[in-house]
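Subject: A structure to look at, with notes

Dear colleague,

Please find below the structure that I promised to hand over, and have it open beside you while you read the notes that follow.

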Amino acid sequence: MELTRKAVAGNRFAARSCGLRIGERFLMAFDDPDLSATHQGRLQDLNSRYLCIDAPDELRPPRGTSVTISNLQTDRDEFSFSTKILGRRRLNGQLPVLLVRPPEQIQRKQRRTSYRVSVSLRTRIEWVDETGATDDQHAVLTNLSGGGGQLYLRSIPPCRHHPP
């Protein structure tokens with residue numbers, strides 16, 4: 001059977017609802033020890049029954065082989081999903097593609113926009129309560145990140161909500 005874009009242009013709702021895009025690059029990691037560990041591919045087409053991901057001509061995993069597919073895009077969230085190989089075809093009679101089952105569930109990975117840095121910096125911290133009274137004490141800053149930092153204090157300063 002020759003696979004053409006027209007043949008796979010059916011219902012694309014399932015894969016689209018998962019956020020997959022034609023042209024998106026993937027890393028395929030096979031559980032089968034007889035196959036090379038990882039291969040890159042690009043989503044060439046999709047429908048409700050299968051995804052078409054291009055693959056090297058020499059890559060021939062048997063039907064039913066488990067594979068974990070992760071996206072390689074750097075401008076969007078990272079995600080991965082596990083699926084099974086359904087077969088192998090040639091798209092438009094030329095491009096070798098693997099047919100894989102569409103994902104039932106996608107695991108999204110939070111991409112960090114900042115990293116923690118361990119430090120040991122002496123500092124002084126000051127609190128101002130609701131009445132305007134201030135209290136200050138020495139502290140040690142132990143790590144920093146884009147989202148904040150961590151301080152160690154000898155004691156918590158007195159305030160209305162936490163009496164000494």
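In which strand is the place of valine 117? Valine 117 belongs to strand 8, which covers residues 117–128, where strands (E, at least two residues) and helices (H or I, at least four) are DSSP runs numbered from the N terminus. Before going further, please keep in mind that this is a predicted model, in which local features need pLDDT of at least 70 and side-chain atom pairs count only at pLDDT 80 or more, while totals for chains, interfaces and linings use all residues. Residues are numbered from 1 along each chain as its sequence is written, and side-chain values use heavy atoms, with hydrogens and water left out.

The whole protein

The secondary structure comes to one helix and 10 strands, and along the sequence the pattern reads α-β-β-β-β-β-β-β-β-β-β. Of the 164 residues, 33% are buried, a word that stands for under 20% relative accessible area, whereas exposed stands for over 50% and partly exposed for values in between (1.4 Å probe, protein chains only). The protein exposes about 10,800 Å², of which carbon and sulfur atoms supply 48%; accessible areas come from the Shrake-Rupley method with a 1.4 Å probe, and for residues only the protein chains shown count as cover. Among the contacts (heavy atoms within 4.5 Å) with a separation of 6 or more, 53% are between residues 24 or more positions apart.

The sheet and the patch

Strand 9 (residues 134–145) is joined to strand 10 by six bridges, and alanine 139 stands opposite leucine 153 in strand 10.

Valine 117 counts as partly exposed because its relative accessibility is 45%. Together with Leu121 and Leu144, Val117 makes a nonpolar surface patch of about 230 Å². Patches are made of residues with over 30% relative accessible area and no salt bridge, with like charges joined within 9 Å and nonpolar side chains (Val, Leu, Ile, Met, Phe, Trp, Tyr) within 5 Å.

The salt bridges

Side chains of opposite charge can pair when their charged atoms come close. How many salt bridges does the structure hold? There are four salt bridges, each defined as a side-chain nitrogen of Lys or Arg within 4 Å of a carboxyl oxygen of Asp or Glu. Asp57, Arg60, Arg88 and Arg90 are linked in a network of salt bridges.

Aspartate 57 meets arginine 60 at 3.6 Å, N to O; aspartate 57 counts as partly exposed because its relative accessibility is 33%, while arginine 60, at 52%, counts as exposed. The salt bridge between arginine 88 and aspartate 57 has an N to O distance of 3.4 Å, and this pair links distant parts of the chain, with arginine 88 in strand 5 (residues 78–91) and aspartate 57 in the loop between strand 3 (51–54) and strand 4 (66–71), 31 residues apart. Arginine 88 counts as buried because its relative accessibility is 18%. Aspartate 57 also meets arginine 90, at 2.8 Å, N to O, and this pair too links distant parts of the chain, 33 residues apart.

Terms used. Pairing = 2+ DSSP bridges.
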